[in-house]
Amino acid sequence: MLGKRLVLALGVGLAVLGLAGCGSPDLDTPEGVVHAFFDRLDDKDQDGVRALLCQDFKQNVNLEMGRDRDVDYSFDLRYQAADEDGAPAVDVAVYGKMEMHLRSRHVRYEVHERRDSEAPWTVRVASINGEWLVCGGDPQVLRLLDARGALDALE
C-alpha cells in the first residue's frame with residue numbers, strides 16, 4: 001500500500017513540475033515579453049504580436065498572407081537581459097535559431113540563422129505605463145514582422 005502511494009505521489013509531483021515548465025512567459029519581465037513576442041509570431045497571432053509592440057511598430061506587422069501564400073516560423077531561442085532595476089528600457093539578448101519560410105505558387109524562400117550568446121540579436125523593450133513592450137531590435141528581428149511585404153518583394 002505504501003509503495004502505491006509513493007508511486008502516485010511521485011507521478012503527481014512530476015506532472016506538476018511538467019506543467020510548471022509549460023506556462024506562459026512572464027509579461028512583467030523584459031525576457032518574458034520578448035519570449036511571448038516570438039511565441040505569438042510563431043503562432044502567426046498578428047493581434048497578439050501587435051499587443052506587445054510600442055505604438056511606432058504596430059503598423060509594421062503584416063502576417064496576413066492572402067490566398068495561396070503562407071509563412072511559417074520556427075524558433076529555438078534563449079533570452080537574457082542585464083539586471084537593470086528601474087531602467088525605462090532594456091536590451092534583451094536573443095540567441096539560438098530563427099527560421100522563416102515563405103511560400104506562394106511561384107516562390108519558396110527560407111531564412112535560417114543561428115546566433116550564440118557571444119553574438120546575439122538584440123531586442124529593445126521599454127516600460128510604458130508600467131507595461132514592458134517591444135520597441136526596437138536588430139533589423140533581422142524586425143523583418144519578421146512583415147511576412148507579406150517580404151513575399152511581395154520576392155514575387
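This is a predicted model: local features need pLDDT of at least 70, side-chain atom pairs count only at pLDDT 80 or more; totals for chains, interfaces and linings use all residues.
By class, which residues make up the lining of the largest pocket, and how many are nonpolar, polar or charged?

Residues are numbered from 1 along each chain as its sequence is written, and side-chain values use heavy atoms, with hydrogens and water left out.

Now the pocket. The lining of the largest pocket has eight nonpolar, one polar and four charged residues. Here Ala, Val, Leu, Ile, Met, Phe, Trp, Tyr, Cys and Pro count as nonpolar, Asp, Glu, Lys and Arg as charged, and the others, Gly among them, as polar. A pocket is an open set of points on a 1 Å grid over the protein atoms alone, where a 1.4 Å probe fits, with protein on both sides within 12 Å along at least five of seven lines; lining residues have an atom within 4 Å of a point. The volume is about 290 Å³, taken as the space filled by probe spheres set on the points, which are joined across faces, edges and corners. Of the 13 lining residues, Met100, Val111, Gln140, Arg143 and Leu144 lie nearest the centre. At least two lining residues each come from β2, β3, α5 (139-143) and α6 (147-154), and the largest share, four residues, is from β2. Helices (H or I, at least four residues) and strands (E, at least two) are DSSP runs, numbered from the N terminus.

That brings me to β2, residues 89-103. Strands pair if DSSP finds at least two bridges between them. With β3 (residues 108-115), β2 pairs in the antiparallel sense over eight bridges, and a hairpin of four residues joins the two. Strand β1 (residues 70-81) runs antiparallel to β2, with 12 bridges. Strand β4 (residues 121-128) is also antiparallel to β2, over six bridges.

Some individual partners: Gly96 is bridged to Arg115 in β3, and Leu77 has Gly96 as its partner in β2. Glu99 stands opposite His112 in β3, and Ala93 opposite Thr122 in β4.

Why is β2 described as largely enclosed by the rest of the structure? Because 11 of its 15 residues are buried, where buried means under 20% relative accessible area, exposed over 50%, and partly exposed in between (1.4 Å probe, protein chains only).

Back to Thr122, in strand β4. Thr122 counts as partly exposed, because its relative accessibility is 26%. Leaving aside neighbours within four places in sequence, Thr122 is in contact (heavy atoms within 4.5 Å) with Asp91, Val92, Gly137 and Asp138. Tyr79 is 43 residues from Thr122 in sequence, and 9.6 Å away in space, C-alpha to C-alpha.

Finally, the rings. The whole structure has four aromatic pairs. Rings of Phe, Tyr and Trp (its six-membered ring) pair if their centres lie within 6.5 Å; planes under 30 degrees apart count as stacked, over 60 as edge-to-face and the rest as tilted. Phe37 and Phe38 are edge-to-face, 5.1 Å centre to centre with 80° between the planes. Both Phe37 and Phe38 are buried. Ring pairs link Phe37 and Phe38 with Tyr73, Phe75 and Tyr79 in a cluster.
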